[in-house]
6 protein chains.
Amino acid sequence: MNVNNVLRAEILVHALPYIKEYYGKTIVIKYGGNAMIDEKLKESVATDIVLMKYVGINPVVVHGGGPEITKIMKKMKKDVKFVKGLRVTDKETMELVKMVLVGKVNKEIVGLINHHGRIAVGVSGDDAELIVARKFVLPDVDLGFVGEVEKINSKILEKLINDGFTPIIASVGVGSDGESYNINADLVAAEIAAALKADKLIFLTDVDGLYKDFTDKSSLISELSLKKCDEFIESGKLDEGMLPKVKSCARALKGGVKKAHILNGTILHSLLLEIFTDEGIGTMIIG
Amino acid sequence: MNVNNVLRAEILVHALPYIKEYYGKTIVIKYGGNAMIDEKLKESVATDIVLMKYVGINPVVVHGGGPEITKIMKKMKKDVKFVKGLRVTDKETMELVKMVLVGKVNKEIVGLINHHGRIAVGVSGDDAELIVARKFVLPDVDLGFVGEVEKINSKILEKLINDGFTPIIASVGVGSDGESYNINADLVAAEIAAALKADKLIFLTDVDGLYKDFTDKSSLISELSLKKCDEFIESGKLDEGMLPKVKSCARALKGGVKKAHILNGTILHSLLLEIFTDEGIGTMIIG
Amino acid sequence: MNVNNVLRAEILVHALPYIKEYYGKTIVIKYGGNAMIDEKLKESVATDIVLMKYVGINPVVVHGGGPEITKIMKKMKKDVKFVKGLRVTDKETMELVKMVLVGKVNKEIVGLINHHGRIAVGVSGDDAELIVARKFVLPDVDLGFVGEVEKINSKILEKLINDGFTPIIASVGVGSDGESYNINADLVAAEIAAALKADKLIFLTDVDGLYKDFTDKSSLISELSLKKCDEFIESGKLDEGMLPKVKSCARALKGGVKKAHILNGTILHSLLLEIFTDEGIGTMIIG
Amino acid sequence: MNVNNVLRAEILVHALPYIKEYYGKTIVIKYGGNAMIDEKLKESVATDIVLMKYVGINPVVVHGGGPEITKIMKKMKKDVKFVKGLRVTDKETMELVKMVLVGKVNKEIVGLINHHGRIAVGVSGDDAELIVARKFVLPDVDLGFVGEVEKINSKILEKLINDGFTPIIASVGVGSDGESYNINADLVAAEIAAALKADKLIFLTDVDGLYKDFTDKSSLISELSLKKCDEFIESGKLDEGMLPKVKSCARALKGGVKKAHILNGTILHSLLLEIFTDEGIGTMIIG
Amino acid sequence: MNVNNVLRAEILVHALPYIKEYYGKTIVIKYGGNAMIDEKLKESVATDIVLMKYVGINPVVVHGGGPEITKIMKKMKKDVKFVKGLRVTDKETMELVKMVLVGKVNKEIVGLINHHGRIAVGVSGDDAELIVARKFVLPDVDLGFVGEVEKINSKILEKLINDGFTPIIASVGVGSDGESYNINADLVAAEIAAALKADKLIFLTDVDGLYKDFTDKSSLISELSLKKCDEFIESGKLDEGMLPKVKSCARALKGGVKKAHILNGTILHSLLLEIFTDEGIGTMIIG
Amino acid sequence: MNVNNVLRAEILVHALPYIKEYYGKTIVIKYGGNAMIDEKLKESVATDIVLMKYVGINPVVVHGGGPEITKIMKKMKKDVKFVKGLRVTDKETMELVKMVLVGKVNKEIVGLINHHGRIAVGVSGDDAELIVARKFVLPDVDLGFVGEVEKINSKILEKLINDGFTPIIASVGVGSDGESYNINADLVAAEIAAALKADKLIFLTDVDGLYKDFTDKSSLISELSLKKCDEFIESGKLDEGMLPKVKSCARALKGGVKKAHILNGTILHSLLLEIFTDEGIGTMIIG
């Protein structure tokens, strides 16, 4: 008898209570960071998502694609300029952003997932006007085609989920002026999760979660109330990368999502570890 | 990071191709032998079945209950008599058999499974006349209320499966005369599998499978064609315990079932090992 | 022309307003007393139930089986002991109770009904955890495995009704400890009726109904308000057999059932007489 | 105890096997003769039809209205002229025929039935072009707007039946020329029954059925094969009133209807007598 | 290239916003006046209705038939008598009214529409007791069988609409006494529209709409609030023909209909002009 | 009265027979040529498609994007090289092709259509593995990632159509090796039409259709049999641009599509002109 196989069976059986808990639930995953770059991590996320779908969970993936965009812009000798962490996006840049996000990054994720189960369907904010955007206005600088979410028309997502598919969403919105807008994918994920009344919103990042004191690795926060989370946002202690994620968590919880998570996506199978273990991983914020 | 958890996640992911393969398929399991006696094995079978249901497979369980019946008959000081491996069953014995199978053994299995997921519903041949029986006639001896399957009215099973339940079937049939008949559970399992056009029929036994030569443990047969299986039956080499199982395999395959398996149910999680590993375990007969 | 047939046709036509009134309604029947012993009465109840189903009513049957249990216990030389009308039930007795109720009494009712129409499916509290029980605790005596209803998981009943079947329920509950509990069938019937929001709950008893003064046969009460019923319960006038039935009526009405009835089940076709005649029979309590 | 009620219950129970036999079946009834004139018979037919619907049968009624038409024509001093049993129908007569059949006779039947159960919906050949007609051409005489069935568009009937209604059909057809045509209701009933693949087609007439020898009342034929029926038609023995009925029976059976019946509609509840008794009444022709 | 065709395409495209606006909405049309007499107008209304159905709108037609009734009554030498604009209707007249409305006028409309698309099904108040009526009582004169609406049983309409049909309704009601009642079709249209929670109720009349001052053709009112409409009714300025229509508009709006319209039905395609142009035609009253 | 509006209404009514004819039918449109470049033509196609959807037709759009790709390649200073009309596509070019087709051209079409009705959803061959491709192998030259259709997984299209959406398909396929392949959009359109058993396949081109003799503008062929079409293909008379279209027509007809059309997409509303006029436009090939 193969000892390995016995262990295998036992581990499957240990997953049962978690499978039962999340059966039929919707989980929105903001995909990003190294988990979108490293080949092994990409494979790991893809299989995690297919597995989730097959055991009865409805995963929905939202992604941006900053590094890829910058890479291609440089190749095309375009200037890359950021103001307050937001990419200044002229018309030509916006066109490029969209081509990269929708025509490259999105379809790569779709392809990776479909390799393990023919379930992924890529959509952008254009499709059935999923993400209606408006220009994001800063007092003293014109960011160009940087937008914020005005409305989510979630019908296309609900139909795709119902039809047995997993939507993979590129964070590009469409304005009522017909223009495309580049929107921070963290915020899109929060709005999508709220519109779908998702059970969970999970951010895959490159750090282990939130720290009380970022310099002290032992101060990782494993659980946080929405109230404490709001205080954290106000405190000014969060850095530029983490702030939109934490704000997005708060936004989603206020919109009816039950739990938001910040995970270290550089850990193999971080999604499964969060969902299929008692202790979970990373930081969980409870609405 | 908990190493154990990482392994756990990887093993879940390795199950994915098998989950996909059996998604929506019906698997009939003839439950019996030590797997129905040993506490740890009972738990193991129960969890395996709930897990199968949650990952999208439709398990259907058929059971007898010989040892339990004999135990209670002895307690009640009734004589136990067998002819050609079949229990001579007078009216009073039949009543006892039914009470034990339907009122004790069946509900114990139901309870064990429901402990892990509220999905099990016990049925006997009486319910919606699932198993219509006729008297099994031997030329020179009257076995009493020993029957064989005349017809399976599978509607109740199809509805229960469709409604999200797992039927647990006690092998008692009802005659057109209104009498109850004790039917070999192996044969019932085969007829149920054929009526449901199941993908697989699995026999949980106390041995590792079929052997070319029973005295030579190295001669275990891992795969067998239906044709070879028929020759085996004709050969006279099979003992009294194995013969009805092998005949039932052949019967099921001829009735449209794709594969029949004889497994060692004394191995923990033998069902998962068969379904979720490439090599499988035991003997597989292909239709 | 056959005069008999003309009468037959006219009587069918006279049933029409009643058929219309109860079309699609759920009626829970507590089956017991002589109607469960006398062969002719058993046939009569079985046909009444099948007829109800075919003319569009949804009957649901709940039964106990006291006399049968006592008979078999005596046969097995077990002591039979009652405290305050409740059977003291040690572990071995409980096992026996369950075998008799589920494996004998229940399946006999199922068989009788199916003889007239293949619609009956037997269930006990174990199936899909229909009846969750807890130990019934008396201050000064341990009754053993005597239980009361903690929760009804009615999904299995709703699905069976919807699928065109008639559930026949044995009054055995399952505890969260996995143990079986013997529960008074009157109380189970009331809880089932409340959980299903039944239109009617009918008790088949061996008397004509409730009497103002039990010694005066002319004082039969044909109709009673819930308020008066509660006063009756408080009055202390009800005997040990009738008290749980009347309490169960009150419980069901408070749980949303519209009408509760106490009928004389020793009258042939008492169910049809209640449902298909203007005057009805027995005592009706209105919520 | 009311003796009458007991009988009532027993008779209901005796109807059960017939209710089971016809559950979900479609029965087309050609309504006519005295059953359409006599008040008591009209009530009797109306209740029979509602009862059939409530016990799960799908009755469909087809009617003409010859006597009523003649009565009104006379009132309006129009000449009434018949050739070979067919009413010569000029344009003005056709208009009158339609007003009487659709606006008077049909709605009276609808009203009578709805009085006992709100299920009847009147339709004529115009509605959703149910009955497409063509002119019936005789070699030497122009009958005007007398038609025959060209096509039945049964969708409207199937939808009404499915929605829980009972269609009452006036035998008026619509030509591809937009004109209305008067069609023999017997033939319409046969075509409707064939289009619906009805289980039974029943003709309500004023006689007991077919006779071997019409002058010998003891020669009533209770059962007839389609082959014998065809021979009968050829024999020339059938009178002008019976011939179209017998021809229509043959037509329906050839179109897939299982049984055709010629009943005496002047017997109260003749429909129930045919359907709910073993011996039935009248003449049955088997396809 | 055919210039005409290009124009044709462009006009189709211009209809798109209107098609979108009314997609899936219910519009009740009171059909009457010259639009029911003139051959060309009749064709125009029929095609408009079929087109509405095919582009996703659910039209429902209600009609009376005064002029046709009077014509036939005269032909039959019956006296025609009106009191306060209401036809005195004795039993014989009522029978005639019904024959004309249901058997002639209704089926003519059905036929005209079906000529362009097999969708029309005629119903009267009798069918499934769509229109339950009671006698309309005036203090000092007995109008006979003139009724008012007591209740609308809209199930038959909802089912027909859902099944893809367009109901054409004759304004005849049925009393709880089984008698037929002649009801003003304007009022029936209002009650039907309210029962169906229609989006629009449209009256086809012979004038352009409501005028502030009827003698001044330039004073046509194009839009009116419900409040103003009520004042108008109170003002006494409305003539006998217009009053019931305006009252019906008010009644419908109070019953939940969104908009009521009074159009000139003598304009070809007046329905399409109202629905498919920005300015609409006639007078619109808003609830 | 606005004369224009009357004409408008009449033209709508004239469209009715065509709306009826194509109700519920699937029409695959290969979008390309000037109709994809000229702003006015783009608007015209977008409105035509939304109108088709709203009047009950199911349009499906397939597009390539050659000129846009070449434009961007030049901008990026990539060499553009064609062999036998096929773009030599190295890995980097393929990435660019995909970004342009999926991230730019596809979403522009989606946006244009959604501006008139929120129905368009963009998909590429990646989504749910809609288009499985294999490398297109020429004997003596390696074209790189130029592919041909191996299989169409049409489930995603069927679900989207059923859910009320209009799929817009970019002609990029995915190989079983996970690589993307550039496939001629004409061939993709043909395979999609065949897989969907479409009623029509329409090619929007820059010419009026097929000519017997291309130099003689009077020799336009308005109708062609599949047989003649095959002869035409063999004849060698077709130029490089038209050949794949004509071959694709033949392929689609052989795959079960009823009619294929080659239209001049530079005519405004060419789609409506083809569908909503008797004479149609361009060349029709009949299967």
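Chain contacts and symmetry

Modeller: The copies meet through the same surface, because 100% of the interface residues of chain D are also interface residues in chain C. This is a predicted model, in which local features need pLDDT of at least 70, side-chain atom pairs count only at pLDDT 80 or more, and totals for chains, interfaces and linings use all residues. Residues are numbered from 1 along each chain as its sequence is written, while chains are lettered from A and ligands numbered from 1 in the order in which they are written.

Colleague: How many residues of chain D are in contact with chain C?

Modeller: 30 residues of chain D are in contact with 30 of chain C (C-beta atoms, placed from the backbone, within 7 Å).

Colleague: Which element gives the most on the chain D side?

Modeller: α1(D), with eight residues. Helices here are DSSP runs of H or I, at least four residues, and strands are E runs of at least two, numbered from the N terminus.

Colleague: What rotation superposes chain D on chain C?

Modeller: A rotation of 180° with 0.0 Å of shift along the axis does, at RMSD 0.0 Å, by least squares on C-alpha atoms of residues with pLDDT of at least 70 in both copies. The two copies are therefore related as by a two-fold rotation axis. In chain D, D:Val55 has the C-alpha nearest the axis, 2.3 Å from it.

Colleague: Switching to chain F, how many residues of chain A are in contact with it?

Modeller: 31 residues of chain A are in contact with 31 residues of chain F.

Colleague: And which element of chain A gives the most there?

Modeller: α5(A) does, with 12 residues.

How values were computed: Two residues are in contact if their C-beta atoms, placed from the backbone, lie within 7 Å.
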